[in-house]
Amino acid sequence: MDILDTIYRVAHGFPGGVPALAVRMGKSKNVLQNKISLNIDTHHLTVNEAAMLADIADSDDIAKAFADQRGLICIKTPDFDGLSDEALLD
């Protein structure tokens with residue numbers, strides 16, 4: 001899926017929609033709406049803003065879309081804290 005389409009979907013799927021997400025990101029609703037719009041070429045979401053959006057929305061979809069575009073896959077890093085060497089080898 002296209003990264004911009006994915007960003008649009010994640011932002012609009014956030015509880016409370018774009019207005020609630022904008023508040024969490026410290027942006028005005030209109031600015032964020034313009035940045036994620038698929039029809040506006042004058043406003044662009046920065047990479048840092050896209051990462052912030054993904055973090056706040058708790059979504060890996062943007063990373064997966066980017067990986068897919070690059071012919072890669074995303075794999076969640078397991079939690080190795082507290083594992084013994086033997087358990088890790090298993």
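Is Lys 76 buried or exposed? Lys 76 is exposed, at a relative accessible area of 65%; the classes are buried for under 20%, exposed for over 50% and partly exposed in between, with a 1.4 Å probe and protein chains only.

A word on the basis. This is a predicted model, in which local features need pLDDT of at least 70 and side-chain atom pairs count only at pLDDT 80 or more, while totals for chains, interfaces and linings use all residues. Residues are numbered from 1 along each chain as its sequence is written, and side-chain values use heavy atoms, with hydrogens and water left out.

Let me turn to the overall fold. The chain has six helices and zero strands, where helices (H or I, at least four residues) and strands (E, at least two) are DSSP runs numbered from the N terminus. The radius of gyration is 17 Å, well over the 12 Å from the globule rule for 90 residues, so the chain is more spread out than a compact globule. That radius is taken over C-alpha atoms, and the rule is 2.2 Å times the number of residues to the power 0.38. The C-alpha trace spans about 55 × 30 × 20 Å along its principal axes. Of the 90 residues, 27% are buried.

Now to the charged pairs. Four salt bridges are found in the whole structure, each a side-chain nitrogen of Lys or Arg within 4 Å of a carboxyl oxygen of Asp or Glu.

Lys 76 pairs with Asp 60 at 3.5 Å, N to O. Lys 76 sits in the loop between helix 5 and helix 6 (85–89) and Asp 60 in the loop between helix 4 and helix 5, so this bridge ties together parts 16 residues apart in sequence. Asp 60 is partly exposed, at 41%.

Asp 61 and Arg 9 form another salt bridge, at 3.2 Å, N to O. This pair links distant parts of the chain, with Asp 61 in helix 5 (residues 61–69) and Arg 9 in helix 1, 52 residues apart. Both are partly exposed, Asp 61 at 27% and Arg 9 at 40%.

Glu 49 meets Lys 35 at 2.9 Å, N to O. Here Glu 49 is buried, at 8%, and Lys 35 is buried, at 17%.

Finally, helix 1 also holds Thr 6, which is buried at 1%. Its contacts (heavy atoms within 4.5 Å) include Asp 61 and Ile 62.

Technical notes: Lists of a residue's contacts leave out its neighbours within four places in sequence.
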